[in-house]
Amino acid sequence: MIDEKHLVDLFLRLASLDAPSLGERQVAAAVTTELTALGLTVAEDDAASRLGGTTGNLLCRVPANWAIEHVPDVDKPAGWDEKARQAPLLLSTHLDTVQPCLDKKVHLGSDRIFRSDGTTILGADDLAGVSAVLALLHELRTRGKPHRPLELLFTVAEEVHLQGISAFDARTLSAREGYVLDTSGSPGTGIIAAPGHLHLNFVVQGRPAHAGIAPETGINAIEVAARGIARMRLGRVDPETTANIGRIAGGSETNIVAASCTVTAECRSLDQQRLSAQARDMIDCMEQAAAESGASVTVQTRQSYHPYRVDPDLPVVRRFQAACAAIGKAARLIATGGGSDLNVLSQAGLSGMVLSCGMQQVHSEAEYLALDDLSDLVRLLLALVAEPV
Ligand SMILES: [Zn+2]
């Protein structure tokens with residue numbers, strides 16, 4: 001059985017702290033205190049100064065069998081020596097939460113569900129993952145269970161375009177496999193594919209003119225941008241690719257032919273080639289519209305992160321399936337449309353999955369988390385770190 005009281009206290013304590021992106025100092029300090037109280041060492045990187053935040057990414061290494069090694073005069077349980085030979089496993093979570101997240105009033109209802117008071121988010125994204133990792137250590141230590149070496153990563157600024165993990169030097173990790181604890185739904189679901197993300201910024205330059213006296217001497221940049229957008233394939237472009245116009249802004253007064261117009265857009269795809277092709281197609285549409293009208297267009301593109309896809313036969317997936325079976329859950333493998341820290345980590349060579357943490361209706365004031373799901377997540381982690389694979 002999971003120490004439920006400890007888990008509830010832990011989650012309520014962390015979720016009541018302020019942790020806006022780039023302002024995670026309170027929750028980072030609480031996590032560091034928790035880990036150092038267990039005799040572990042926490043290293044903080046230089047992401048705070050690089051990103052202008054209040055804290056860096058935290059990395060904590062847990063040696064194999066740490067939970068039994070610290071207990072004197074305890075007989076070593078079966079399997080402990082084999083664990084010492086296993087490669088380290090990464091468990092990664094993020095410390096920041098989306099707005100509105102200041103001064104949260106978080107409680108556990110009689111229905112065993114954590115909620116905020118409705119004026120802020122709950123912060124289960126991703127403090128459910130953070131609490132589960134800390135609770136895992138508590139359980140390992142209490143039970144004196146053998147386990148493989150672990151690397152625990154707590155990133156900052158995940159919610160603002162994965163800035164924290166992007167500033168992290170993944171070469172400092174020894175683990176080649178890992179789990180990012182950061183998606184909605186009950187534990188038992190794991191993500192094995194996620195799209196890459198590309199951001200586009202178009203600036204269409206037309207020619208201003210008096211809209212009533214000499215409209216034919218002007219080139220309306222808004223109209224050009226609209227023609228360009230109308231040519232684009234948007235929405236769900238194919239089963240693996242999506243595209244969206246996020247914002248359009250330009251012009252000034254109704255009596256002036258609009259001189260310039262800015263359009264921001266994005267595309268995503270599970271396939272890097274399709275992602276590049278979709279971006280190229282959107283750029284071509286805008287450039288053709290500009291050329292036909294005598295306008296000019298400048299385009300800036302930025303690939304926020306790359307796609308990844310994990311082979312279901314890999315150990316990292318099979319271990320997850322075995323751990324689910326060990327706690328009586330059916331493992332579900334899915335693809336997602338969103339990005340996470342794993343997009344960056346997998347680019348650095350990590351073989352991994354993103355796991356469901358019990359959080360529901362995230363990024364809204366209706367966000368909630370069932371205590372039973374949080375307990376299941378801790379049980380799942382216990383099984384993962386004990387698996388023979
Ligand atoms: Zn998250």
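The model is predicted, with local features needing pLDDT of at least 70 and side-chain atom pairs counting only at pLDDT 80 or more, while totals for chains, interfaces and linings use all residues. Residues are numbered from 1 along each chain as its sequence is written.

I then looked up the strands, which, like helices, are DSSP runs numbered from the N terminus (helices H or I, at least four residues; strands E, at least two). S9 (residues 196-205) and S12 (residues 260-269) pair in the antiparallel sense over 10 bridges; pairing requires that DSSP finds at least two bridges between two strands.

I noted its buried residues (20 or more other C-beta atoms within 10 Å of their own, C-beta atoms being placed from the backbone; exposed means 12 or fewer, partly exposed in between): Val 27, Ala 28, Val 31, Glu 34 and Leu 35. They lie on the same side of H2, because they cover an arc of only 125° around the axis, taken from the directions from the helix axis to the C-beta atoms. The face turned away from this buried side carries the exposed Thr 33, Thr 36 and Ala 37. Just after H2, I found Gly 39 with a positive phi of about 85°.
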